[in-house]
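Have the structure open as you read.

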Amino acid sequence: RRLKEEPIAKILNKKNFWKYEFYVNKHVLDPRPESELIIEESINCIKNKNQRIKILDVGSGTGCLSICLSKEFKNSKIICIDISKKALEVTKKNILLHKCQDKIEIKQTEISSIDDKFDLIVSNPPYLSLSEYQNSENNIKNFEPKIAFLGGNDGLKFYKIFSKKLPKIMKKNSYLILEIGENQYLDCLKIFVNSGLKLIKKTKDLQKKDRILVFSKI
């Protein structure tokens with residue numbers, strides 16, 4: 001299986017992320033170390049870890065972001081959404097594994113149908129362009145779900161949707177934390193310029209590539 005370039009995580013059905021181990025299979029993206037920056041920035045934004053907050057995780061996949069946030073913010077209520085039924089089965093398995101079922105609610109839906117108001121919204125959306133996906137490595141194309149990578153022809157599909165929808169479901173003094181592709185910073189700035197959100201931080205990953213954008217709603 002390794003000779004066919006199958007990732008070790010897919011063979012073992014497990015991957016470490018933040019402080020925990022998660023079940024993975026072919027229906028979900030393997031959690032990446034750079035996505036841990038979303039957890040770090042969430043902690044930076046919300047200083048009081050005991051605060052009662054409502055969190056939305058858009059495109060939950062393994063559920064790793066929701067589960068880690070539920071462990072960090074003890075009084076949080078989290079909704080995680082994904083359009084993939086198979087991915088949500090993995091989310092549910094991990095939620096049960098980490099005993100978070102009383103704090104995390106799963107919904108198979110698109111962002112357009114969410115009308116609650118949130119203190120924190122996080123997402124690692126699909127952000128590869130069609131050409132980037134076609135040129136990606138075999139271990140990605142053959143063993144991870146295409147739906148978790150492809151962000152439309154230009155890779156920006158979900159940021160465009162987010163810029164219109166997410167400000168409407170954010171409370172005052174709330175935060176939006178997004179992972180982006182390495183060359184998408186300027187494009188995302190333009191997309192969010194009229195969103196009513198303020199970019200308060202850009203974070204680079206360990207390879208010094210732009211990776212996380214933190215927005216606030218005043």
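The largest pocket in this predicted model has a volume of about 830 Å³. Here a pocket is an open set of points on a 1 Å grid over the protein atoms alone, where a 1.4 Å probe fits and there is protein on both sides within 12 Å along at least five of seven lines; lining residues have an atom within 4 Å of a point. Points are joined across faces, edges and corners, and the volume is the space filled by probe spheres set on them.

A bit of housekeeping: residues are numbered from 1 along each chain as its sequence is written. Because the model is predicted, local features need pLDDT of at least 70 and side-chain atom pairs count only at pLDDT 80 or more, while totals for chains, interfaces and linings use all residues; side-chain values use heavy atoms, leaving out hydrogens and water.

**The largest pocket**
- It is lined by 35 residues, and the closest to its centre are Glu34, Tyr127, Leu128, Ile140 and Phe149.
- Its lining has 10 nonpolar, 11 polar and 14 charged residues (Ala, Val, Leu, Ile, Met, Phe, Trp, Tyr, Cys and Pro count as nonpolar, Asp, Glu, Lys and Arg as charged, and the others, Gly among them, as polar).

**The second largest pocket**
- This one has a volume of about 710 Å³.
- Of its 35 lining residues, Val58, Gly59, Asp82, Pro126 and Ile147 are the closest to the centre.
- The lining splits into 19 nonpolar, 11 polar and five charged residues.
- Helix H7 gives the most to this lining, with four residues (helices, H or I with at least four residues, and strands, E with at least two, are DSSP runs numbered from the N terminus).

**Glu144**
- Look for Glu144 in the loop between helix H6 (138–141) and helix H7 (157–165).
- Glu144 is buried, at 6% relative accessible area (buried means under 20%, exposed over 50%, partly exposed in between, with a 1.4 Å probe and protein chains only).
- A polar atom of the Glu144 side chain sits 2.7 Å from the backbone nitrogen of Asp30.

**The cysteines**
- How many disulfides does a search of the whole structure find? The search finds zero (a disulfide is a pair of cysteine sulfur atoms within 2.5 Å).
- For Cys64, the nearest cysteine sulfur is that of Cys68, 6.1 Å away.
- Cys64 is buried, at 7% relative accessible area, and Cys100 is buried at 2%.

Terms used:
A polar contact is a pair of N or O atoms within 3.5 Å; within protein, one must be able to donate a hydrogen and the other to accept it, and residues adjacent in sequence count only if both atoms are side-chain atoms.
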